[in-house]
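Let's take a walk through this structure together. Have the sequence and the 3D view at hand, and we'll go from the overall picture down to single residues.

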Amino acid sequence: MKTLLKCHIGIGKKVQGEVLSANDNFSARYDLDRLKGIFSRPQHKLVGKSYVDKILVLNESKGGVASAWMLYEMCARKMAPKAILFNKANTILAQGASLANLTICDRFIDGDITSLLSSGQRVTVDPMNGLVSIL
Amino acid sequence: MELNKEEKAMASGELGEAVKWAINHQIKVGNFFDAKNFVSVSNVHMMIDPESVGIDGVLFLENLVGMGAKVKIPMITDPRGVDLNYYTPLGQTEEMANIERRTIKACTSMGILMTNTCVNYQTIMAPIFGEHVAYGDTGVVIYSNSVCGARSNYEGGPSALAAGLTGRTPRYGLHLEEKRIPTKKFLVKFKPEELTDWGLLGALIGKISGSYWEVPIIEGINHNPKSDELKHFGASMASYGSIPLFHMIGTTPEAKNYSSKFLNRLDDHIITLDDIISLKSQFGKKGDKIDVVVFAAPQLSIFEMQKVAELCIDKSFKVPVIICTSPQVYSDASRMKLIDQIEKTGAKVLQGTCFYNQYAREIGLANGWKRLMSNSAKIVNILGGYGYEPSLSSMENCIASAVAGEIV
């Protein structure tokens with residue numbers, strides 16, 4: 001099994017943490033109870049799980065533009081993931097991560113990142129070099 | 001990214017700290033998406049509701065104001081989260097209203113026009129074909145790109161603000177012709193009638209497309225859709241699939257650029273009436289009790305307001321009915337006595353807001369609203385995550401259900 005995964009250059013600082021992964025999509029507005037720090041959308045595969053301080057691994061970003069401000073607000077309250085890894089990010093998540101200085105990466109060349117990483121694994125995310133190391 | 005002389009001056013702080021923040025934010029985003037340079041934009045639309053912004057976002061805005069931030073080009077806003085003339089009855093708090101007041105003050109200080117609408121293409125000024133703009137609100141972006149032929153990515157609030165301060169945006173995504181080429185083809189085998197049908201059709205195409213980077217092209221719509229129909233269609237597609245652009249053969253301006261030979265290379269996704277009925281069945285059934293009926297998302301046009309007003313004649317409702325429209329339409333609707341006609345029933349028309357960005361979770365809890373009914377496929381998608389059990393039906397059926405207190 002590969003322990004070093006390559007992706008496009010991302011945004012944010014180098015971080016280390018525990019993976020929370022699902023083959024599902026993401027919107028801060030549609031899917032989260034941001035006060036409690038959990039996924040709240042009943043249909044979401046991570047419903048009920050806390051995303052706070054996790055390395056969140058999901059398929060694509062979805063939905064509306066609100067996530068950009070919301071990521072900043074979540075980070076300011078320290079109720080945010082440490083990083084988000086997507087197969088493909090949309091513009092909003094990248095823009096929000098840029099304002100919040102939240103680590104975000106996407107476009108992994110080794111395949112579907114939601115299959116390559118499992119919940120509970122520990123990883124280091126190095127966005128400036130486009131690398132994710134499985135510890 | 002390649003920067004010209006002015007952009008280098010912006011990035012180094014020669015044009016002030018606010019502009020320095022703005023262009024460096026844009027450079028980070030541009031690098032993420034491999035933008036080679038910037039493109040000038042003519043105007044900006046920003047989403048900035050208080051629930052999303054929060055107190056920390058307000059402090060960020062006030063800090064920019066303190067740096068002397070002023071927008072360089074016309075810039076307008078998406079709906080507010082608090083109607084400052086009507087928030088206590090909704091269960092919104094003074095704290096929420098104060099975040100709203102401070103947001104408005106900061107925006108106004110920067111020269112932003114508080115238009116508070118997500119239907120600016122119907123009420124303020126529609127962009128023209130080929131015009132590069134920086135728009136927030138997914139419904140605004142998809143309509144402007146698809147129906148008007150303008151060029152915009154989804155610009156979240158921070159990036160829209162940055163575009164207002166610099167007058168430009170990184171040239172990536174839908175500012176590039178190659179990103180506007182269809183990637184998926186849909187063949188529609190039924191005729192959408194109600195706005196809800198259009199919303200459901202948009203939802204299905206959005207769900208199947210499933211990515212910001214997919215561009216659906218739609219065949220089989222053999223009549224000329226109206227603006228409100230494409231408004232619901234696009235807003236729903238954007239909501240369910242994060243789609244910022246579609247082409248519709250015979251309707252949208254760029255669809256004719258693609259030959260049958262090109263389109264034949266794309267797989268057909270066929271959408272039938274059964275698909276629509278199946279999706280709709282996930283949102284409530286006859287006899288289900290309801291707590292509130294909402295018409296919003298997108299804000300109602302003057303034609304929709306007229307229809308609601310007509311449906312309200314001689315009606316009395318068992319559950320609250322809330323309608324959200326833009327300040328521009330509200331003013332006209334008030335002058336034409338449509339607001340009086342609607343509110344005579346006890347229904348409430350809010351101006352410059354949209355229900356789902358009005359602290360939907362909190363007002364639901366404060367009022368005991370869980371089973372929400374709407375004709376908007378977009379709003380029923382969003383509110384599931386806010387603890388609601390939404391149901392979906394036509395405007396006529398929503399009104400009839402509000403009279404009965406249950407889905408009829």
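Along its principal axes, the C-alpha trace of chain B spans about 65 × 60 × 35 Å.

Before going further, a word on where this comes from: the model is predicted, so local features need pLDDT of at least 70 and side-chain atom pairs count only at pLDDT 80 or more, while totals for chains, interfaces and linings use all residues. Residues are numbered from 1 along each chain as its sequence is written, chains are lettered from A and ligands numbered from 1 in the order in which they are written, and side-chain values use heavy atoms, with hydrogens and water left out.

Now for the make-up of chain B. You can find 17 helices and 14 strands in chain B; these are DSSP runs numbered from the N terminus, with helices (H or I) of at least four residues and strands (E) of at least two. Of the 408 residues in chain B, 62% count as buried. Buried means under 20% relative accessible area, exposed means over 50%, and partly exposed is in between, using a 1.4 Å probe and protein chains only. How much accessible surface does chain B have? It comes to about 14,800 Å², and 51% of that belongs to carbon and sulfur atoms. These areas come from the Shrake-Rupley method with a 1.4 Å probe, and for residues only the protein chains shown count as cover.

Contacts tell you how the chain folds back on itself. A contact means heavy atoms within 4.5 Å. Take the contacts in chain B between residues at least 6 apart in sequence: 78% of them join residues at least 24 apart.

B:His25 counts as buried because its relative accessibility is 3%. What does B:His25 touch, leaving aside its neighbours within four places in sequence? The list takes in A:Gln95, A:Ser98 and A:Leu99 from chain A, plus B:Pro158, B:Ser159 and B:Ala162 from chain B.

B:Pro158, B:Ser159 and B:Ala162 are among the buried residues of H7(B). That helix, H7 (residues 157-166) of chain B, is mostly covered, with 10 of its 10 residues buried. After H7(B) comes B:Gly167, whose phi is positive, near 75°.

Next, the charges. The structure holds 31 salt bridges over all chains, a salt bridge being a side-chain nitrogen of Lys or Arg within 4 Å of a carboxyl oxygen of Asp or Glu. One of them pairs A:Lys62 with A:Asp31, with the closest N and O atoms 3.1 Å apart. This pair links distant parts of the chain: A:Lys62 is in the loop between strand S5 (55-60) and helix H2 (67-76) of chain A, while A:Asp31 is in helix H1 (residues 28-31) of chain A, 31 residues apart. Are they buried or exposed? Both A:Lys62 and A:Asp31 are buried.

Other salt bridges have other surroundings. A:Asp106 and A:Arg107 meet at 2.8 Å, N to O; A:Asp106 counts as buried because its relative accessibility is 2%, whereas A:Arg107, at 26%, counts as partly exposed. In chain B, B:Lys285 and B:Asp288 form a salt bridge at 3.1 Å, N to O. There, B:Lys285 is exposed, with a relative accessible area of 57%, and B:Asp288 is partly exposed at 25%. You'll also come across a network of salt bridges linking A:Arg29, A:Arg34, A:Glu73, A:Arg77, B:Asp49 and B:Glu51.

Finally, have a look at some backbone details. Most residues other than glycine have a negative phi, and most peptide bonds are trans. Yet the peptide bond from B:Ala297 to B:Pro298 is cis, with omega near 0°, and B:Pro298 is found in strand S10 (residues 292-300) of chain B. A:Asn101 isn't a glycine, but has a positive phi of about 55°; you'll find A:Asn101 in the loop between helix H3 (91-100) and strand S7 (103-105) of chain A.
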